[in-house]
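Dear colleague,

Please read them with the coordinates open beside you.

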Amino acid sequence: MLMLFEQLLNGLQYSALLFLLAAGLTLVFGIMNVINLTHGSFYMVGAFCAAAAVAKTGSFLAAVLAALVGAGLYGLVVELLVIRHLYRRDHLDQVLATLGLALFTDELVSILFGRSPPFMSIPSALAGSVHVLPGLAYPVMRLAFIVAGALVAVGLWWLISRTRVGMLVRAGADDGEMVDALGVNVQRLFTLIFSLGALLCGFAGVMAAPLLAVQIGMGERILITTFVVIVVGGVGSVRGALVGSLLIGMTDALGRAFIPTLTSMVLPPQLSDPLSASLVSASIYILMAIVLLFKPRGLVPARH
Amino acid sequence: MKNHALHRIAAALLLALAGSGPALAQTQKPVKIGFIGTLSTPAGYIGEDEHDAFMLAVKEGGGKLGGVPVDVVVEDDGLKPANAKQIADKMVQDGIRLFTGITFSNVMAAVGPTVLNAGGFYVSLNSGPSNYAGKACNKNFFSVAFENDSYSDTAGDVANELGIKKMVVMAPNYQAGRDAVTGFKSAYKGQIIDEIYTKLDQSDFSVELARVRSLAPDAIFQFHPGGAGINLAKQFANSGLSDKIKMITPIYSMDDRMLAASGAAAKGYYLSSLWSADLPNDQNKHFVQAFEQAYHRIPTAYAAQAYDTANLIASALKAVGGDVTGRADAFRAALLKADFPTVRGHFKFAANHYPIQDWYLLHIEDDGTGKLVYKNVKVIARDHVDPYVSQCKM
């Protein structure tokens, strides 16, 4: 029972990471209609900036600031120089250009920071574990990650449903051309959304850096899963990104936790072993296939 | 016409002179060495270390290996076997017959046939697939590093040495990961209470660590090179398990760069390794010092292997005066003799052209100043040979 609870927390923490990445990606894809394979690079840039800031100052707050500024600014530059010219192009052009940018960013980061993965420790305030239940100690850093994810979700909800910018974002997701026709500066809105997405990636980067390896290519690895999240959740909808993140995060965590035990109960080890390993790897894709079968536009699609 | 004939005579004279003495060696055409390495991708730091160490040996020889001028042609395979094969095809077409550089066994599998079928030599500085050690052994394939089973079966010896009764083994679900588990099991004498297979691209191990917690083993054997191993180390320490459970890995799952990125999380790791920076021999002292001076970082085991590879090639080039293709048999015999100064103290080839060498138990400790270092505890396997050598008929 304690084990189940611990695995649920692990799933929540993974979901929080996925949500931070997916929220921006889904807006860019849904509103600007741009497939952005550079999205994962902002996560990497954030993590590297954070590690560099900690190495210089030793302060986690400085790291958060560096990650937000670094990733946000880089997002802004990328939008102004490249993405801006891709809105009206077809998806293949966008994929080619943003994939190229992702590779470019990898090289840029390795030139600036070197090939060795830098070290970033857990800030002392978030080190160690606390007892969340009697008999279950859970790392504070992971709890903080979950809380940060929840706070961002609330913040985004407020931004999107309670502010003028949010209203435009919602309108843009529903019908971009109409918003444009009404005289709203859509260009500026797009730049804002894109930078906000990059900023959230940077935040994910600084939160993940103490727990994960800060390394070249870390963004590409998680980007595929992030795309699965927004497809499951429904492209263009932040609420969809939240639902998708929770579903994918939980499926992945619980699958890794319990599929091997369950299959070994019913099957002999030489069969259950490879089967469970493949099932674990495929679990989120199976989930995506099922969702697409019944809800081709995702669970919580933006209205069109 | 007369001029033409004169030219020919002059050229013939020059050639004869070049062959006859080292005094005119500078006119010799450099021997091209194809270095196909993984220099990009997250694993790029491994290729970088190997390349830097190899080039250090070339630099020390003033652009020569064993007194023979060499031209190292470097290409990045991007960890893609298909890429590497194309590069190798091109290099073979350009007349290159001496190759090294490959880190990963799947890349090796793609490049091996191209090089060996063309009659070329492959001298491996890292990748050591089991097929070339056994049934598919080849007279022109030499491994200066290890056979893939060796780093994990010696980790099994480490577990035995530490008296571990209950183990959990953990490895990514792909060929090298499963091989590591098989290798470990072949030597470990205690009980394995569970085998956990992780996803190849996994970065979060909280789920697996929760399972480990409930299994409560004495130690974990794991094989996660590169970023995954850093992730695992950080999260293992953060979960509080590292106080109760020992961690045993090959050096390649906690190399020096990974150690720098893992910090205190890697303290207490037990490792099996074919080399450590504190090995007390002159060549090693020279290497560690020269590498640090040239690149301002401590060399990894990968770098040590690459340096040895370069010096082995140097010894063989010297024996044939750089004529790799014309005197292929003599070149091969010279490689097999392994008459070179090694950072490992002593080094010999077994019948399958894989190493006979000592493996060590290392322990990651505080050196007293707060810096983590690998302490060479003892020899865990003396003159260790891989299990495939008996299958090799050369």
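**Confidence first, then the fold and the contact**

Where pLDDT is low, the predicted coordinates should not be read in detail. For chain B as a whole, the mean pLDDT is 91, with 93% of its residues at 70 or more, while the model scores 0.85 for ipTM and 0.85 for pTM.

Turning to the fold, chain B contains an open sheet of six strands with mixed pairing, in the order β2-β3-β1-β4-β5-β6. Because β2 (64-65) and β6 (141-143) of chain B stand at the edges and have a single partner strand each, one side of each is left without a neighbour in the sheet. The partner of β2(B) is β3 (residues 68-76) of chain B, with two bridges in the antiparallel sense, and in one pairing B:Leu65 has B:Val68 of β3(B) as its bridge partner. Helix α3 (residues 81-93) of chain B packs on the sheet, where it touches β1 (31-37) and β3 of chain B, and its direction makes about 175 degrees with that of β1(B).

As for the contact between the chains, 33 residues come from chain A and 29 residues from chain B. On the side of chain B that touches chain A, two or more residues are given by each of α2 (44-60), α8 (206-215), α9 (227-238) and α10 (256-262) of chain B, and the residues of that side divide into 13 polar, eight nonpolar and eight charged.

Key:
Residues are numbered from 1 along each chain as its sequence is written. Chains are lettered from A and ligands numbered from 1 in the order in which they are written. This is a predicted model: local features need pLDDT of at least 70, side-chain atom pairs count only at pLDDT 80 or more; totals for chains, interfaces and linings use all residues. Two strands pair if DSSP finds at least two bridges between them. Helices (H or I, at least four residues) and strands (E, at least two) are DSSP runs, numbered from the N terminus. Two residues are in contact if their C-beta atoms, placed from the backbone, lie within 7 Å. Axes are lines fitted to C-alpha atoms, for helices over the stretch in contact, and angles run from 0 to 180 degrees between N-to-C directions. Ala, Val, Leu, Ile, Met, Phe, Trp, Tyr, Cys and Pro count as nonpolar, Asp, Glu, Lys and Arg as charged, and the others, Gly among them, as polar. pLDDT is the predictor's confidence in each residue, from 0 to 100.
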